[in-house]
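This report describes selected local features of a predicted model. Please consult the sequence and coordinates shown here while reading.

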Amino acid sequence: MRFTTLLSLSVLTLLPLAAPGQGVPKAVPLDDAEPSVPRAVPVAPEEARRAVPAEPMAAPKPKGPDEDLFDYATLAYDRSEWGIAAESLGKYLQDYPSGRHVATALFRIGECYMKQNQMKAAETYYEEVVKRYPESEGAPSAAYRLGALRFNARDFDQSARMFSFSESRSKLPQVRLAASFNKARAYQMLGDTKRQMAALNNVLMAKTDNPYREAALLSLGTLYLAGDKKAEALPLFTELIQSSKDNAVIAEASVKAGVLHAEMGKPELAVPLFEQALKIRETSEGNRSIALVGVVQALFAKGDYDGVIHNYNANAAVLPEGDTRPKMLLMVGNAFRMKKSYARAVETYLMVEQAGPTTEAAFEAGYWKLYCFYLLDDKDLAEFATNFIVRNATARPDHEFMNLARLIRADHYFNKQNYKEASTSFAEVKLEKLPAKLQPGTLFNKAWSLAESARTQEAIGAFTQFLDSHPAHELVPRALARRGLAYRDAKDTPNALSDFRKVVETHPNSDAVELAYLQMGLIAAEARDHKAAVAAYEMLVKKFPTSPAAAQAWFGIGRARFALQEWAACIEALQKCISIDKKTYLDSASQMIIQAWYVQQNAEELGKAVDDYKKANANAVVPPNILTWLGITLFNRKNYSRSAHFLTAASTPDAPENTDQMVWNYLGQAFLQTGDYESSIKATEHFLKNTPEGAAKARALHTKSSALLGLGKFDEAEAVVQEGLSFAKDGKPQAMLLILQGDILAALGDKLAAEGQQAAAHDKFGAAAGKYMIPAQFFDDEQITPEALEKAAKALEKSGQTEKAADFRRLLKEKYPAQAP
């Protein structure tokens with residue numbers, strides 16, 4: 001057992017980035033009081049005095065209302081009256097946007113909001129400082145604040161950028177150190193080891209007055225250790241051991257330095273470090289476990305078995321976790337065995353198996369346990385041997401201790417359909433030493449096990465050996481079929497097809513024929529030989545109509561017929577497929593049926609297919625383009641209810657921007673025609689939201705106004721018409737809107753007449769007639785003009801202008817006799 005293998009993984013998983021209990025400034029100091037000169041991290045007063053240079057003798061500051069306002073705000077700020085300060089500074093920014101204190105005001109407002117725990121507002125002002133005044137005195141501190149806020153929001157990329165900004169711009173050494181260290185933390189969270197290491201190296205450049213040095217040494221050393229850079233890591237841990245006053249840091253550095261010495265083959269240097277860590281009270285449980293493993297392994301390598309046993313007994317309460325535990329216990333068990341304490345060795349080996357039953361250490365412990373039982377002459381040795389074989393046959397098929405066990409257990413595994421274990425055992429069987437009558441069955445079972453275990457080439461070889469050696473055996477059809485599958489797995493399609501054809505041609509009554517036809521169909525489908533695929537699948541469902549593969553075959557027929565554009569046969573096959581196995585094929589077959597009807601542009605059958613699919617699956621998804629075509633086609637056929645049904649399915653009301661504008665347009669019109677005015681308005685508004693002024697928008701406004709009219713909302717309907725007429729100055733859109741405007745007035749007239757207000761009603765009818773007259777007299781359209789003439793005549797009659805109404809009816813009859821009543 002190699003020393004390096006045992007320890008290196010444990011260090012990476014057990015040791016934290018920074019030493020526990022280490023007193024370093026936190027990465028995101030957002031709740032500390034700021035001094036008069038904004039700073040990024042909290043430092044002791046004497047450190048602040050050293051870090052912040054004395055302000056030069058300033059010239060008398062200018063006088064004026066701006067300075068008075070800023071001084072007042074500063075007074076409130078210095079007194080920690082954050083609300084008053086923020087309000088006063090905000091007024092300063094509003095009144096003096098070019099004032100000389102703008103940058104400072106922005107930063108201090110951010111600080112005021114931060115002190116009041118209004119982080120989002122604070123963040124906005126910090127961003128303004130960094131973006132607009134990057135050279136200002138407060139910009140590095142604002143960037144540091146932003147770095148901390150982004151870090152806490154887990155936006156580590158932006159956090160790193162802000163800390164980098166602060167680091168590069170700040171004049172305060174402590175701020176630069178804090179920014180460098182926290183930038184490293186952000187890079188760590190991003191998984192950017194290279195830049196994390198660079199940032200940590202920057203931190204370490206400060207040899208003195210550096211509260212982050214120990215954390216940086218430990219973090220960088222751990223990164224070097226993970227990258228197998230032993231020469232770079234060791235000096236860092238050594239420095240920590242020699243200079244740190246924190247026992248927890250010393251313990252962790254000792255453990256990691258010990259691991260490095262051990263991996264470099266220097267147990268004489270590793271053992272004292274591990275022993276030192278074991279003696280330190282503050283050593284974490286994880287590090288104590290690693291140290292124990294290290295010292296045990298080093299002593300075992302030296303042959304000091306008494307030392308191994310002594311250290312194990314003294315530290316049994318802190319055994320390592322994970323894969324390391326069984327490895328260490330194995331060494332302890334071996335030490336007991338070497339001291340001929342076999343019973344204690346067995347106890348320890350059992351602990352190894354319990355700690356990691358699938359590990360290499362457990363396998364080795366199991367073997368040595370059997371060996372100890374042999375030396376102890378245990379009566380249950382055979383049972384123990386059987387249990388050992390069951391546990392380890394898969395992972396270690398070629399181990400010398402497994403040969404006899406595989407020979408005994410091979411048929412057991414095969415009968416249990418545990419083919420992986422069976423193939424492992426059969427691989428060790430010497431076929432030539434078996435009785436002749438057992439050889440065919442054993443060889444067939446071996447080949448089958450290899451195939452089921454995905455050992456494809458070995459399976460092909462074994463089946464070929466069987467077929468060559470036993471050409472008349474009853475298992476030949478199955479061997480051909482299973483070898484064909486193995487060839488398929490090996491991507492050897494010609495040989496696979498050859499085997500399947502041999503089955504159907506030379507063994508037509510074999511149960512292997514069913515599988516052969518299915519595979520022949522699949523191969524033909526993959527080769528896009530759609531006619532051959534149909535032929536194979538149809539033979540399968542003809543000979544084996546109740547086959548478990550019948551649904552798959554019908555689906556294959558449907559797919560091939562689809563490719564051949566044989567639509568009727570395609571749809572029939574897919575429907576049979578769904579009827580046999582709805583759970584598996586409902587979605588894929590239904591989608592293909594829908595596509596088949598869509599390709600044929602058969603709207604009625606397509607609609608039925610979509611409805612059937614959605615009825616069978618409440619979560620069914622139909623391509624929006626198909627639903628859109630179907631809805632528009634039905635609309636043009638004046639089947640407005642069905643049109644609305646399918647257009648609704650094509651829409652996404654929760655995210656209307658994801659729906660084709662054409663859908664909203666037609667859906668609004670369809671709802672209008674069905675009398676669902678509220679839905680018509682909603683759909684049309686989605687269309688209008690992203691439609692520029694023009695004919696399309698005018699028509700959509702016509703739809704919306706018509707729906708409002710249907711709801712009796714005359715004023716709103718009129719407002720919408722007016723909006724359309726504001727840009728539709730001529731042509732059909734204007735004519736339609738004018739007619740609708742007349743309809744609104746006429747509807748109002750009807751309402752007033754019903755209420756007994758005849759005079760007011762006559763006025764409305766007269767006004768309506770006036771609106772109709774414009775398109776009736778000045779617009780010539782086969783649809784619009786006759787409608788305007790007819791409506792104008794009716795409105796004139798209702799307003800009492802019968803002679804004029806007669807003129808319009810005469811004009812309608814003369815110009816548009818076909819439309820005249």
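## Contact of H37 with H38

In helix H37, the residues Lys-697, Leu-701, Lys-704, Ser-705, Leu-708 and Leu-709 make contact with Phe-714, Glu-716, Ala-717, Val-720, Val-721, Glu-723 and Gly-724 of helix H38. By class, the residues of this contact comprise seven nonpolar, two polar and four charged.

H37 covers residues 695-710 and H38 covers residues 714-725; their axes come within 8 Å and cross at roughly 170°. Angles over 145 degrees count as roughly antiparallel, and H37 and H38 are therefore roughly antiparallel to each other.

## Helix H36

Helix H36 consists of 13 residues, 677-689. At 1.5 Å a residue the helix should span 18 Å, and this agrees with its end C-alpha atoms, which are 18 Å apart.

The buried residues of H36 are Ser-680, Ile-681, Ala-683, Thr-684, Phe-687 and Leu-688. These buried residues pack against two helices, H35 (661-674) and H37.

Ser-136 belongs to the loop that lies between helix H6 (119-132) and helix H7 (139-152). Its relative accessible area is 19%. Because buried means under 20% relative accessible area, Ser-136 is buried.

A polar atom of the Ser-136 side chain lies 2.8 Å from the backbone oxygen of Tyr-133. When residues up to four places away in sequence are not counted, Ser-136 touches Ala-103 and Val-129.

Notes:
Residues numbered from 1 in each chain as written. Predicted model: local features only at pLDDT ≥ 70, side-chain atom pairs only at ≥ 80, totals over all residues. Heavy atoms only, no water. Helix = DSSP H or I, 4+ residues; strand = E, 2+ residues; numbered from the N terminus. Buried < 20%, exposed > 50% of the residue type's maximum accessible area, 1.4 Å probe, protein only. Polar contact = N/O pair within 3.5 Å; in protein donor to acceptor, adjacent residues only side chain to side chain. Contact = heavy atoms within 4.5 Å. Axes fitted to C-alpha atoms, helices over the stretch in contact; angles between N-to-C directions. Parallel < 35°, antiparallel > 145°, perpendicular 65-115°, else oblique. Nonpolar A, V, L, I, M, F, W, Y, C, P; charged D, E, K, R; others polar. Expected span 1.5 Å × (residues − 1).
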